[in-house]
Amino acid sequence: MTIAGSPAVSATAGRPMGGRRLPLDWIGTVPFLAYVAVFLFLPTAIVLGGSVFDVNGSLTLINFSHLSRVYIVKATIQTISLSAFTAVVGAILGALLAYAIAVGNPEGLLRRLTLSISGVLAQFGGVTLAFAFIATIGPAGFVYLWLAQHHADIYAGSIWLFELPGLALVYLYFQIPLMVLVFMPALDGIKPQWREATESLGGGTWHYWRYVAGPLLAPAFLGATLLLFANSFSAYATANALINQGQPVISQQINGALSGEVGSFEPGFAKAIAVEMVVIVTLVTVLYSLLQRRTSRWLQ
Amino acid sequence: MRIRNLTRHLGLAVVAAFVVAACGSSSSNNSATCSESTAKTATTASACGGIDALVVAAKAEGKLNIIATPPDWANYGEAINGFQSKYGITITSDNPNGSSQDEINAVTQLGTSSRAPDVLDMGKAVTLANLQLYAPYKVATWADILDSQKDPTGLWWQDYGGYMSIGYDSTKVPTITTLTDLLKPEFKGKVALNGNAKQANAALQGVMMANLAQGGTPDNISKGVDFFHQLKQAGNFSPVQATSATVANGTTPVVFDWDYLSASHGKDVPTWKIFEQSNAILGDYYQQAINKNAPHPAAARLWEEYLYSDTGQNDWLRGKARPVRMAAMIKSGTIDKTAAAALPAVNGTPVFLTDAQASAAKDYLVAHWDAAMS
Amino acid sequence: MAAVRGGFQRSKRLKLQVFRTVVLLAAGLFFLVPIAAMFEFSTRGVGDKPRTLEAWQLIGTYPDLVAAITASLELAAITTIVMLVLLAPTMVWVRLKMPRLSPIMEFICLLPLTIPAIVLVVGLAPIYNWMGNNFSDSILTLSFAYVVLVLPYAYRSLEAGLAAIDVKTLTEAARSFGAGWLTVMWRIIVPNIRSAILNSAFLSVALVLGEYTIANNLLYNNLQVEIAFLGRANAGVSIAVAVASLVFAFVILVVLSFFNRGRGRLQLADLQQVMRTERG
């Protein structure tokens, strides 16, 4: 029994009376928009707006000129590369892990446990995550000591755990579980009939992924990668615990201008850095939507 | 006759008025109540009817909000418990790991909320930058504090301090006899600061101490930055945030920190030792202030009175910090002698940075530290 | 022919099983070994003393912890429910009626993640001040901010789920039987995006239980703030309490996962059921 087939039915379905279409459609978004207006737009405006004031309250662009300070530029570049790396690698590894879980029993204990652990670890960070790695592969960590005893001193050059490579590794610890959680629903949407259909048409695994599952998963994959990028970009506590001196990450520079003991309080400057961060993420989002459109066309 | 009666009645009325007025004003001086409005502007305990009236008013408020005062910091825990049990006032301690600027941010952000901090305990630079936020108050023992250690109008006054030291686990590294020992290969990856030098006072003073030990002057911190750069090049400097866990597990067995804070590592590492080089005894004190918009003004003032009583000062002393009234208490014999003897030995002349020197050091670090560390 | 086909299927299944085992083992090692290292550290005795569970026992003696746990659990529940009620219907609505609003919604839901929490607090403080003076300054008001914080994660999860089903057709079919919007949401859409809803609930609960910065800077004592206090007792306790916090969140999420009974795919029978109830 086909339901959606009848043109008369689909013509009347979903269209309100009177033809006043657009205004009524907006109503559905009002609760959400009202909420974010108060609790997101307003605080954001307060923060971003504060960047054009100096300590005395007069309008100025000096905070933005300070963005050209050497250590700010360096931190910006390093944070972008770190975030891009952990986003892409985290997305790929996370997708693989999600797939390994998704093909299992949907009601099974393994799925429940792995998803619960993923939920917990996706939000795990800060000083304790840093310590977890320090206790494992830090200079006094048992894995490092075991390797060193077997003539494999991984810190022969420098202690890379306390540099950007180490930070990237630690970031993956929460990026991968995050990917698992946000990508899994897309994998759950794959119907086994598609695989069977591909095979009955003579296609193999490659054809299945390239022409059937791939295009369907691409938007979710790219969207999740974007989320991972933003997640890494604004992360603070973990970087601060691992690399407290040198402050390679831009959010540490913001914290420095807002907190501290020695009078390095520059609230306007901190807000200007926040503006810079929003601009960067906006640019990346634009890039992402271009990429979405390109891939959907390319994979067609 | 009538006029004389009138005059007498008038006279009596005038006298009565004077007596009532005199009684009224004297009773407000010795009144048993110290209302919230008077507590808010009281600059001494006596201005609020004496210490007993202050206690009554504080008990009526029933609460006290403090911030960035963790119990293991200079033994604040003992003072907090003592105050709570003595007066029955509940103390809410917020943001234990907060910095001085975080305290000021909380005051400005929470405004007149009932959860705003009542009292503040901050570093010098931040204290001096926010004078407009404090209410002036002079504790009963005000005279025991040196003039150089307090604001003349009572906006802030120093509380406790210590000297910058190098704390180390003697089982993980060899004994340190001089600063340059840290450049030896046995210290590879082991030396850390307490906090980032651009923001944390303990770290800034750590760099300054190295500066002095290397022959530098308090006006110019460059030798200190150079030393740490050398340390980094040698691979001996660890950029990790030193916590009690990283110290206990051996990742950061050498930490530049205030001697009284460093001493707390002793409970995790029994073999923890403290080194202070004789030509680089660098000291610093913290400051107390009362929030002008304190939601519990009487309790705030009572807390200050408690901290500056002999009990409170000895609590800090037992936390291995040097309370500001120490000299006066030694003279009067009220000092806790065992605690005083347990303080880390100081074998040189202490140096204290002036505000200008601290500010110059901060500016230099903000401009050069990140480059030196990368 | 069938035998060859069968063999082909078996080898593919075998390859899949090998893939699964390798990936899950590698992931298990990578994620669980650091936690084991933390647990090992928390049981070390001071100096030369033997292994002890003293650090763990100390956690139980901390008086303010129970109140903090209760508050955080309440916050988690409120945040998750408000987020789902606010976000899911709006996303469905946008998908159906205003697809051009989609990129804007996507950006709105990414915005909370672009600004670090410590800066966001600067903007939230005046709003919380106003709320405190006119409404309530209970710790539960933190849920308003938390809903915003969880938007990026929840949006991405729900979006993946909605993209996998044909929302338009399902809705039109149901509406053609006269189903109201509430019925459409509750009985048609929700069962089909159960996995997405559950995952976004996971992320929401985990975020609230792990949130520190905003609660701390607004001077509220939630679970993580109390843990920070507790952690100052000594090194072993600081790590023990962190591991305990992870285990606690894990248990909560496992319990939550049992709410997902049946991966309900819309069956014809369900639609006929809807048809029958709507027609009375």
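Contact means heavy atoms within 4.5 Å. The structure treated below is a predicted model.

**Exercise 1. Describe the fold of chain C from its elements, its contacts and its surface.**

Step 1. Take the elements. Chain C has 14 helices and zero strands, so that under the DSSP assignment its run from the N terminus holds α elements at every position listed.

Step 2. Take the contacts. Of those in chain C with a separation of 6 or more, 78% join residues 24 or more positions apart.

Step 3. Take burial and surface. Chain C counts 280 residues, and 54% of them are buried.

**Exercise 2. Characterise the interface between chain A and chain B by residues, area and polar links.**

Step 1. Count the residues. On the chain A side 30 residues are in contact, and on the chain B side 37.

Step 2. Give the area. The size of an interface is often given as the accessible area lost when the parts come together. Between chain A and chain B about 2800 Å² is buried, and carbon and sulfur atoms give 53% of this. Within chain A, the residues that lose the most area to chain B are A:Q245, A:E261 and A:V262, together 28% of what that side buries.

Step 3. Count the polar links. There are zero salt bridges between the two chains, but 14 residue pairs are in polar contact, both residues at pLDDT 80 or more.

Step 4. Locate the chain A side. At least two residues each come from α5 (70-102), α7 (126-137), α12 (237-242) and α13 (250-258) of chain A. The largest share, four residues, belongs to α7(A). By type, the chain A side divides into 17 nonpolar, 11 polar and two charged residues.

**Exercise 3. Work out the surroundings of B:Q313.**

Step 1. B:Q313 is in helix α12 (residues 310-318) of chain B.

Step 2. Assign its exposure. The cut-off for buried is under 20% relative accessible area; B:Q313 has 0% and therefore counts as buried.

Step 3. Find the polar partners of its side chain. A polar atom of this side chain lies 3.0 Å from the backbone oxygen of B:L307. The side chain of B:Q313 also reaches the backbone nitrogen of B:R325, at 3.0 Å.

Step 4. List the other neighbours. With positions within four places in sequence left aside, the contacts of B:Q313 include B:Y308, B:P323, B:V324 and B:M329.

**Exercise 4. Compare what is linked by the salt bridges B:R318 to B:E78 and C:D137 to B:R115.**

Step 1. Side chains of opposite charge can pair when their charged atoms come close. Over all chains, the structure has 22 salt bridges.

Step 2. Examine the pair within chain B. The closest N and O atoms of B:R318 and B:E78 are 3.3 Å apart. B:R318 lies in helix α12 and B:E78 in helix α4 (residues 76-87) of chain B, so this pair ties together parts 240 residues apart in sequence. B:R318 is partly exposed at 35% relative accessibility, and B:E78 is partly exposed at 34%. A network of salt bridges links B:E78, B:D315, B:R318 and B:D336.

Step 3. Examine the other pair. For C:D137 and B:R115 the closest N and O atoms are 3.7 Å apart. C:D137 is in the loop between α6 (117-134) and α7 (142-163) of chain C, and B:R115 in the loop between α5 (100-110) and β3 (119-122) of chain B, so the pair joins two chains. C:D137 is partly exposed at 27% relative accessibility, whereas B:R115 is buried at 16%.

Notes:
Residues are numbered from 1 along each chain as its sequence is written. Chains are lettered from A and ligands numbered from 1 in the order in which they are written. This is a predicted model: local features need pLDDT of at least 70, side-chain atom pairs count only at pLDDT 80 or more; totals for chains, interfaces and linings use all residues. Side-chain values use heavy atoms; hydrogens and water are left out. Buried area is the accessible area (1.4 Å probe) that two parts lose on being put together, summed over both. A salt bridge is a side-chain nitrogen of Lys or Arg within 4 Å of a carboxyl oxygen of Asp or Glu. A polar contact is a pair of N or O atoms within 3.5 Å; within protein, one must be able to donate a hydrogen and the other to accept it, and residues adjacent in sequence count only if both atoms are side-chain atoms. Ala, Val, Leu, Ile, Met, Phe, Trp, Tyr, Cys and Pro count as nonpolar, Asp, Glu, Lys and Arg as charged, and the others, Gly among them, as polar. Buried means under 20% relative accessible area, exposed over 50%, partly exposed in between (1.4 Å probe, protein chains only). Accessible areas come from the Shrake-Rupley method with a 1.4 Å probe; for residues, only the protein chains shown count as cover.
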